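Please consult the sequence and structure shown here.

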Amino acid sequence: MNLKSFFVLAAIGLVSANCFSQNTIKSPAPTPSGSNVALFVLHKIAEVQGGYEVVYPYEGQERPSFAKQLADFEAGDLDVMWTLANRKYEEDYQAIYYPLYYGMFGLRLPIVTNENLHMFRGVKTLNDLKRFKVGQGLGWADTDILQANGLDVVEVTKYPNHFPMLEGERFDYFPRAMHEPWSEVKTWSKYNLTVDPHIVIRYKVGFYFFVKKKDVALIRYLNEGMAKLEENGMHKQIFLDDEEVQMAFRNSNLENRTVIDLANPELTKNTPSDDSGLWLDINNLDEWLRGQSGATQE
């Protein structure tokens, strides 16, 4: 489902933005451009299970920053958020342990300048990668992972600043989740940037729904809903129908990339690591795609 389809649903009343009743899930609003897998999964849970309605406190407003959404979540103005897992989030809140992007956030493709298109051609190991400076957001979960693996990280205070700083050679590359860089280099086309074709940086990390621990009924509701969507293939269908995910599979050419594996010290024992169906396997991608019911790839 794309944003156009989403707002069609809103127009005919399948997605309410106004009715705050007892059984509502106050949710972050759609991303104006980019992937909305988490939001569409949340709506599918409500559709399949009933009993709750997804509503938007931010209706009519510019989508706030993640920091603002997190503060609103803490204050009770949002009932759910979705983000990359780390130990602090898993300690402070309750994660719904179904990785919404099947681990795609742990498959990182570097954005580089056009002049450095082949900078990583000879990179084969983590030690090789350590020669280069990486740009990453201040306070991002990924930043801790990169630093823990000995990479030279330049921390960037605001997301839009990554692109001019990369072009200005403040660092050598900006690693993005597999579905992100293609649209980003287009959006920020005024900077001299492209997607590296040589490597994929891989680490296991979950991107989950998070709920406050006291919201026991909602935690149960989302866990039951995710189990149903996983069992009937609807989660994977939503994932594979996402335009940015489709672009990632079309453009990434994973079979011809060198895999650089990183350890994730933020990975907790609650991570469903042993459930192979919940994680993309780039070594057996065709088999993984065939393994879900009714899902198709564009």
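The text below describes a cavity, one of its lining residues and a strand.

The model is predicted, so local features need pLDDT of at least 70 and side-chain atom pairs count only at pLDDT 80 or more, whereas totals for chains, interfaces and linings use all residues. Residues are numbered from 1 along each chain as its sequence is written, and side-chain values use heavy atoms, without hydrogens and water.

One cavity of 30 Å³ or more is present. A cavity is a set of points, on a 1 Å grid over the protein atoms alone, where a 1.4 Å probe fits but cannot get out; lining residues have an atom within 4 Å of a point. Volume is the space filled by probe spheres set on the points, which are joined across faces, edges and corners.

| Property of the largest cavity | Value |
|---|---|
| Volume | about 40 Å³ |
| Nonpolar lining residues | four |
| Polar lining residues | five |
| Charged lining residues | two |

Gly counts as polar and Tyr as nonpolar in this scheme. The lining includes Ala-85, Asn-86, Glu-90, Tyr-208 and Thr-268.

Thr-268 lies in the loop between strand S12 (258–261) and helix H12 (285–290); helices (H or I, at least four residues) and strands (E, at least two) are DSSP runs numbered from the N terminus. Thr-268 is buried because its relative accessibility is 13%, the limit being under 20% relative accessible area with a 1.4 Å probe and protein chains only. Beyond neighbours within four places in sequence, Thr-268 contacts (heavy atoms within 4.5 Å) Arg-87, Glu-90 and Tyr-97.

Strand S3 (residues 80–84) has five of its five residues buried, and is therefore largely enclosed by the rest of the structure. S3 pairs with strand S11 (residues 207–211) in the antiparallel sense over five bridges, pairing requiring at least two DSSP bridges. Within S11, Phe-207 is the bridge partner of Leu-84.

Key. 1 Å grid on protein atoms, 1.4 Å probe; cavity = no way out; pocket = protein on both sides within 12 Å on 5 of 7 lines; lining within 4 Å. Buried < 20%, exposed > 50% of the residue type's maximum accessible area, 1.4 Å probe, protein only.
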